[in-house]
Amino acid sequence: MLKLYGFSKVNAGARGHTRDLRVLWALEELQLPFELIGLDHPAHELNSDAYRQVSPFEQIPVIDDDGVVLSESAAIVMYLAKKAGRLIPADPVGQAQVLRWCFAAMSSIELPLMALMVHDWTANGSDPKPRQFLVDWVHLRMGHLERWFADREYVATDDFSAADLLMAHVLHSGVKDTSLIAPYPGVIAYRDRCLARPAWQRTIAAYCERVEAG
Ligand SMILES: N[C@@H](CCC(=O)N[C@@H](CS)C(=O)NCC(=O)O)C(=O)O
């Protein structure tokens with residue numbers, strides 16, 4: 001049985017936004033059975049020698065699929081999609097497009113959003129220039145995405161794919177300040193189209209029921 005290491009308890013700010021949700025969502029889309037191993041972040045359950053054996057950066061998510069151990073949410077989602085033969089086209093060209101947009105979600109889009117979030121957690125506001133740089137970077141990328149979605153329903157192919165799951169999660173979890181995304185109606189409509197999927201709705205409801213804030 002596939003094991004997923006996810007959060008059982010996490011700080012209130014992160015609850016509902018953690019990256020194990022990407023894997024939980026993929027498992028729900030694919031209807032794959034799994035056993036959840038819940039870890040308590042405030043109790044430092046990610047910082048044990050045993051957990052470091054499966055998660056080199058002491059992070060969640062990780063899967064252990066009968067000895068196939070993977071960390072990195074995007075790698076896990078791609079592995080599950082390929083294993084199930086869904087959320088990814090069968091042909092190499094379609095697969096390359098999905099892979100391309102998985103990388104884009106994890107680098108071109110998540111990076112500026114995370115950088116701004118970390119800045120806002122840590123900066124004392126004495127110099128406005130670093131924040132303005134990060135805000136401009138986010139707007140640059142959102143403008144690029146807005147243009148991309150002008151005539152597309154999904155990011156990589158005609159159908160919802162693993163890339164959409166990752167991109168929609170990044171746009172959901174990485175945007176705390178909604179004014180950042182408000183000028184981009186195409187991006188909002190895309191994100192909301194993905195998050196309206198019944199599999200996401202079931203995933204987030206079950207997560208909120210189960211995961212404690214600590
Ligand atoms: N690149 C990794 C990042 C994983 C990550 O940042 N996980 C966070 C939760 S969303 C975590 O485990 N943080 C705990 C920590 O770093 O102490 C992925 O996409 O899986």
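## Ligand shell

The ligand is surrounded by Thr-18, Arg-19, His-41, Leu-46, Glu-58, Gln-59, Ile-60, Pro-61, Glu-72, Ser-73 and Ala-74. Nonpolar means Ala, Val, Leu, Ile, Met, Phe, Trp, Tyr, Cys and Pro; charged means Asp, Glu, Lys and Arg; the others, Gly among them, are polar.

The peptide bond from Ile-60 to Pro-61 is cis, with omega near 10 degrees. Pro-61 sits in the loop between α2 (49-54) and β3. Helices (H or I, at least four residues) and strands (E, at least two) are DSSP runs, numbered from the N terminus.

## Model and numbering

The model is predicted: local features need pLDDT of at least 70, side-chain atom pairs count only at pLDDT 80 or more, and totals for chains, interfaces and linings use all residues. Residues are numbered from 1 along each chain as its sequence is written.

## Two domains

The protein chain is assigned domain 1 (2-87 + 199-213) and domain 2 (92-197). These bounds come from an automatic or database domain assignment. The C-alpha centres of the two domains lie 21 Å apart.

Across the boundary, 12 residues of domain 1 are in contact with 10 residues of domain 2. Contact requires C-beta atoms, placed from the backbone, within 7 Å. On the domain 1 side, α1 (20-30), α3 (73-84) and α8 (198-210) each give two or more residues. That side has 10 nonpolar, 1 polar and 1 charged residues.

## Helix α3

How far apart are the end C-alpha atoms of α3? They are 16 Å apart, which agrees with the 16 Å that its 12 residues should span at 1.5 Å a residue. The expected span is 1.5 Å times one less than the number of residues.

Ser-73, Ala-74, Ile-76, Val-77, Met-78, Leu-80 and Ala-81 of α3 are buried. Buried means 20 or more other C-beta atoms within 10 Å of the residue's own; exposed means 12 or fewer; partly exposed lies in between; C-beta atoms are placed from the backbone. The buried residues of α3 pack against α1, β3 (62-65), β4 (68-71), α4 (92-122) and α6 (162-173). Just after α3, Gly-85 takes a positive phi of about 70 degrees.

## Nonpolar core

The largest nonpolar core has 54 residues. Such a core joins buried Ala, Val, Leu, Ile, Met, Phe, Trp, Tyr and Cys residues through C-beta atoms within 7 Å. Ala-26, Val-77, Ala-162, Ala-163, Leu-166 and Met-167 touch the most other members. At least two residues come from each of β1 (2-10), α1, β3, α3, α4, α5 (129-148), α6 and α7 (185-195). Each domain supplies at least three residues.

Ala-26 touches Val-77, Leu-80, Ala-81, Leu-87, Ala-162 and Leu-165, leaving out residues up to four places away in sequence.

## Loop and surface residues

Leu-87 lies in the loop between α3 and α4. Its phi is positive, near 65 degrees, although Leu-87 is not a glycine. Leu-87 is buried, with 21 other C-beta atoms within 10 Å.

Asp-66, in the loop between β3 and β4, also has a positive phi, of about 50 degrees. Is Asp-66 buried or exposed? Asp-66 counts as exposed, because 8 C-beta neighbours lie inside 10 Å.

Gln-132 belongs to helix α5. Gln-132 is exposed, with 10 other C-beta atoms within 10 Å.

Note on methods. Contact = placed C-beta atoms within 7 Å. Near = placed C-beta within 6 Å.
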